[in-house]
Amino acid sequence: MAGRGRGSWVLGICVALLVGCGGPSAPDAAPGDVRRLLDRRAEAVLDRDAEAFRATGRAAGGTGASEAGEAYDNLREVPLQSWQYRLTAFRRNGARATATADLRYRIKGYDSEPLVTSRSLTLEERDGRWYVASERPAKKATQQLWDQGPVTSVRGAHSLVLGIRRGDRDETTLREYAELADRAVPLVRDAWRGKWPERVVVMVPGSLDGMAGLLGAPASGYRGIAAVTTGETGGSGEAPADRIIVNPEAYGVLGDFGKQVVLTHEATHVATRARTSPATPLWLSEGFADWVGYRGTGRTATQAAPELRRAAQREQLPGTLPDDAAFGFSGDAGKLAQAYEGSWLACRMIADQWGEKELTEFYEAVGAHKKRPGALEDALRGVLDTTPEEFTARWRTYLRAELG
């Protein structure tokens, strides 16, 4: 009897375990629901359906509705070709959750491939449905322009200008940016005969801090810099278009001539991006962009290179071409200016003494290398029939002659 009782007790435990566990637990349906939510959100953006977009943010108590409306209003003037989320992480805590998603989007008429950026979302569940309570740039991801406020869009003949709407910046001001960019594109096309899209996207944040947010870097590094161009070197056509990002504080104090030179310089970076590689030294890429910017303006070396002119008067001209570190903002604006001026005059010298065709061929020959070692030496020998030592000596002689 004792043995039978023990056996029945063991069997009872087994049955209880089977009944209590009920087999494998059902998978959480929330990630799939959130993916469908993000699909609806993306579709609403592309359909320009404000009500459908806001419906994705009507969380419990309406906490996400107003934020969804603001987010939609901020980006509604951005001309989009595509907009898609891909959920990459999901963490649930009851009726609340956090998620990370890759946002892939293209600007219509400008991006050949989607730009990808990571987004952080907070979500809330109500009555069995999920809603977006907030959407922000993910940790370490850069801001998008519409994260900073309502965006105004102005389209030019060769340009698209996207700017933060402000009380003191109306469409007329952004139209001026478009006119400058439209003049820059033909100037670049005339100087650089390589294949490029011949159109530019100009982004105008509301402040220096806004510029830094778009670049994901401290604002101190861009104080005094009028504009920068983002993009991947050695482009193959399988990357989104470059963005010219303007620092409205530094750009705004320039005169009409300076503004045109800056946008032509940045448009040159867009044009030469596919022929620029890790082998290209900054003195060549920045000097070439300045050469195109000043080309045909009649600007003399003494007018456009004041820091080097003062150095020449003190008999303190640099002994070598600037290295990449010279272009980092260290707080010494004079040294940074000398780096740009010396680079411009190096490219100007090539155009004057070898020819403009040889200058562009030299740029392409350097960029054709994948690595820095040997690239400059090979291009100097193959295109200009000279050596680094001879080229540097010739450049220093040119500086002295041009700067008096």
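Of the 404 residues of the protein, 45% count as buried, where buried means under 20% relative accessible area, exposed over 50%, and partly exposed in between (1.4 Å probe, protein chains only). The model is a predicted one, in which local features need pLDDT of at least 70 and side-chain atom pairs count only at pLDDT 80 or more, while totals for chains, interfaces and linings use all residues. Residues are numbered from 1 along each chain as its sequence is written, and side-chain values use heavy atoms, with hydrogens and water left out.

The protein contains 15 helices and nine strands; these are DSSP runs numbered from the N terminus, with helices being H or I of at least four residues and strands being E of at least two. Among contacts (heavy atoms within 4.5 Å) between residues at least 6 apart in sequence, 64% join residues at least 24 apart.

Salt bridges number 22, each defined as a side-chain nitrogen of Lys or Arg within 4 Å of a carboxyl oxygen of Asp or Glu. One of them joins the side chains of D102 and R86, at 3.1 Å from N to O. D102 lies in strand β2 (residues 96–107) and R86 in strand β1 (residues 80–93), so this pair ties together parts that are 16 residues apart in sequence. D102 counts as buried at 18% relative accessibility, whereas R86 is partly exposed, with a relative accessible area of 48%.

A salt bridge is also found between R96 and E124, at 2.8 Å from N to O. This pair links distant parts of the chain, with R96 in strand β2 and E124 in strand β3 (residues 115–126), 28 residues apart. R96 counts as exposed at 52% relative accessibility, and E124 as buried at 8%.

In the salt bridge of E364 with R275, the closest N and O atoms are 3.9 Å apart. Here too distant parts of the chain are linked: E364 is in helix α13 (residues 356–367) and R275 is in the loop between α8 (256–272) and α9, 89 residues apart. E364 counts as partly exposed at 27% relative accessibility, as does R275 at 46%. Elsewhere, R41, R119, E135 and D147 are linked in a network of salt bridges.

E286, in helix α9 (residues 282–294), is buried yet has no salt bridge. The nearest side chain of opposite charge, R273, is 7.7 Å away; for charge, Lys and Arg count as positive and Asp and Glu as negative, while His and the chain ends are not counted. Not counting residues up to four places away in sequence, E286 touches H265, H269, F327 and Y340.

A negative surface patch is formed by D170, E171, E176, E179 and D256. Patches are made of residues with over 30% relative accessible area and no salt bridge, like charges being joined within 9 Å and nonpolar side chains (Val, Leu, Ile, Met, Phe, Trp, Tyr) within 5 Å. The place of a charge is taken as NZ of Lys, CZ of Arg, CG of Asp or CD of Glu. Helix α5 (residues 171–191) supplies the largest share of the negative patch, three residues. D170 is placed in the loop between β6 (159–164) and α5 and is partly exposed, with a relative accessible area of 45%.

W395 is found in helix α15 (residues 388–403) and is buried, with a relative accessible area of 1%. Not counting residues up to four places away in sequence, W395 touches P318, T320, L321, G342, L345, A346 and M349. W395 and C347 are 48 residues apart in sequence and 9.5 Å apart in space, C-alpha to C-alpha.

Most residues other than glycine have a negative phi. E198, which is not a glycine, has a positive phi of about 60°. This residue, E198, is in the loop between α5 and β7 (200–204) and is partly exposed, with a relative accessible area of 28%. Phi of E315 is also positive, near 55°. E315 lies in the loop between α11 (306–313) and α12 (333–353) and is exposed, with a relative accessible area of 75%.

Technical notes: Accessible areas come from the Shrake-Rupley method with a 1.4 Å probe; for residues, only the protein chains shown count as cover.
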